[in-house]
Amino acid sequence: MKHNLFALLLCSLFSCNTSIDEKKPNIIVIYADDLGYGDVSSYGVGTLETPNIDKIANNGVRFTNGYASSATCSPSRYALLTGTYPWRNKRAKILTGANLIIDTLEMTIPKMLKTKGYETGIVGKWHLGLGNTKIDYNKKISPGPNEVGFDHSFIMADTQDRVPTVYIENGYVVNLDPNDPIEVNFKNDDYGLPSGTKNPELLTMKWHHGHNKAIVNGVPRIGYMKGGEKAKWSDIDMADKFLDEAKKYIDKVKDKPFFLFYTLQQPHVPRTPHPRFVGSSGMGPRGDVIKEADWCIGELYNHLEENNLLENTIIIISSDNGPVLNDGYYDDAVEKLGDHTPAGKLRGGKYSLFEAGTRVPFITYWKGKTKPQVSDEIVTQIDFLNSFSTLVGSDINSSDGVDLSDVFFNNEGDGRDEFVLEATTRTAFRSGNWVMIPPYPGPAKNYNVDIELGNSKEYLLFNLESDLSQQNNLANSNPEKLQEMISRYQEIIGKESSKVEQLILE
Ligand code: NG6
Ligand code: CA
């Protein structure tokens with residue numbers, strides 16, 4: 001009490017915002033990688049069981065129209081953290097060994113929360129680029145998460161299928177032996193080491209497309225890597241490692257309000273479940289790593305409960321993009337799928353402008369505050385910044401985001417009316433129950449991953465209320481609606497429209 005009074009006095013003297021910190025809720029965003037709308041059993045459209053996510057979903061708000069901003073990872077993460085449409089940032093594409101794509105001057109969720117006294121941490125996959133010149137993994141790597149608002153970071157740089165296969169903590173490669181420096185190269189095989197293409201006999205997992213370069217733990221990766229032996233991660237222990245780090249972080253900061261961005265690596269390729277999950281789904285490694293992710297979420301929940309943190313912690317669960325089965329390795333994802341439907345009834349998948357690209361599991365939970373609810377309101381991850389801002393009493397806002405704090409946390413209010421979704425630099429527009437996909441050149445399908453991309457010579461117009469699976473193109477039969485959608489879409493994307501027109505003309 002004495003301590004609190006003293007803090008209050010200090011705060012009133014220096015007009016800081018920490019006096020009511022202890023009442024502010026902790027915020028944990030759990031972000032899966034490539035988890036589909038139908039991969040979570042509470043969504044009722046697949047056959048895989050995810051009891052731990054379901055427990056949170058069934059006690060919180062389960063959104064049926066919840067969207068990532070993009071059908072791929074880096075753009076979605078960029079939009080989530082900045083509240084800005086990814087198509088406004090030309091560098092927000094799928095990254096491979098790239099430099100940081102968030103400007104260090106840009107507003108982010110952790111930066112905003114820090115103005116209100118929050119501790120901020122990220123544990124897991126980053127995939128937003130590092131440094132601003134050629135990255136030297138043997139020195140402090142900066143700028144990165146710590147320069148865009150995170151007090152603490154324990155990350156893998158890109159994805160599990162890319163080198164360097166090491167963890168980076170607050171800018172430093174973990175367990176790096178200075179006598180065994182790391183070199184990384186995404187173009188030329190300069191190191192003369194075994195590779196997926198040259199040495200199939202060394203592989204424990206076979207590549208299907210891409211992923212044929214450096215071999216680490218028997219798995220061929222994207223890119224070449226030399227050195228850093230002691231620093232290399234163990235793939236099968238990655239889930240446990242991230243979970244441990246997440247718990248350690250919570251233990252360290254739990255006396256203050258905190259924001260944790262817990263970015264799971266599952267079920268992105270390569271799918272490497274810990275042996276205790278092998279066979280747990282009956283669907284091969286893809287199902288098994290989803291079981292593993294579900295278990296991790298349960299463990300994190302238990303940890304919060306054991307530490308009496310559950311009442312004052314908001315938990316959000318979502319995914320960065322929709323599902324894909326074969327994303328570059330032979331891992332039985334297709335063969336052992338059975339009746340499971342990772343995208344539910346939605347068309348497309350990862351990389352696609354159709355619904356399954358961006359419509360993802362989306363759950364908010366705040367014990368004692370949110371009532372169990374299934375909400376059909378349209379909500380997106382671009383809206384987190386503005387919604388968290390309202391929640392913590394900040395006036396920082398992004399112009400692309402909408403304040404949906406009531407929808408997320410109070411079982412009240414309306415969702416968005418409209419938003420522009422993105423897939424591999426193409427955009428489409430949802431307004432109410434309508435979706436308009438402009439014409440784009442390119443193949444209708446990515447045959448490697450067996451997913452329809454949403455490219456077509458004609459405008460596509462769907463009414464999701466009567467046609468959730470986007471089977472009936474109403475562009476010809478409803479020209480007024482089409483024109484209305486095109487006009488509004490072009491108004492939003494502004495000068496980007498010239499680019500779209502150009503693509504249409506090609
Ligand atoms: C692609 C990879 C894919 C995946 C994706 C990024 C190939 C052929 N495909 O380039 O396997 O890594 O990048 O996925 O290399 S994401 O979820 O991080 O966006
Ligand atoms: Ca992803």
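Asp-34 is buried, with a relative accessible area of 0%, where buried means under 20% relative accessible area with a 1.4 Å probe and protein chains only. Asp-320 likewise counts as buried, at 0% relative accessibility. The structure is a predicted model, in which local features need pLDDT of at least 70 and side-chain atom pairs count only at pLDDT 80 or more, while totals for chains, interfaces and linings use all residues. Residues are numbered from 1 along each chain as its sequence is written, ligands are numbered from 1 in the order in which they are written, and side-chain values use heavy atoms, with hydrogens and water left out.

Both aspartates belong to the site of the calcium ion (ligand 2), which is coordinated at 2.2 to 2.7 Å by Asp-33, Asp-34, Asp-320 and Asn-321; donors are N, O and S atoms within 2.8 Å of the metal, or 3.2 Å for Na, K and Ca, and sites may look incomplete because water is not among the atoms. Asp-34, in the loop between strand S1 (26-32) and helix H2 (51-59), and Asp-320, in the loop between strand S13 (313-319) and strand S14 (329-330), are 286 residues apart and link distant parts of the chain; helices (H or I, at least four residues) and strands (E, at least two) are DSSP runs, numbered from the N terminus.

Ligand 1 makes polar contacts, defined as pairs of N or O atoms within 3.5 Å. An oxygen atom of ligand 1 lies 2.6 Å from a polar side-chain atom of Asp-161, and an oxygen atom of ligand 1 is 2.8 Å from a polar backbone atom of Asp-327.

Conventions:
Polar contact = N/O pair within 3.5 Å; in protein donor to acceptor, adjacent residues only side chain to side chain. Buried < 20%, exposed > 50% of the residue type's maximum accessible area, 1.4 Å probe, protein only.
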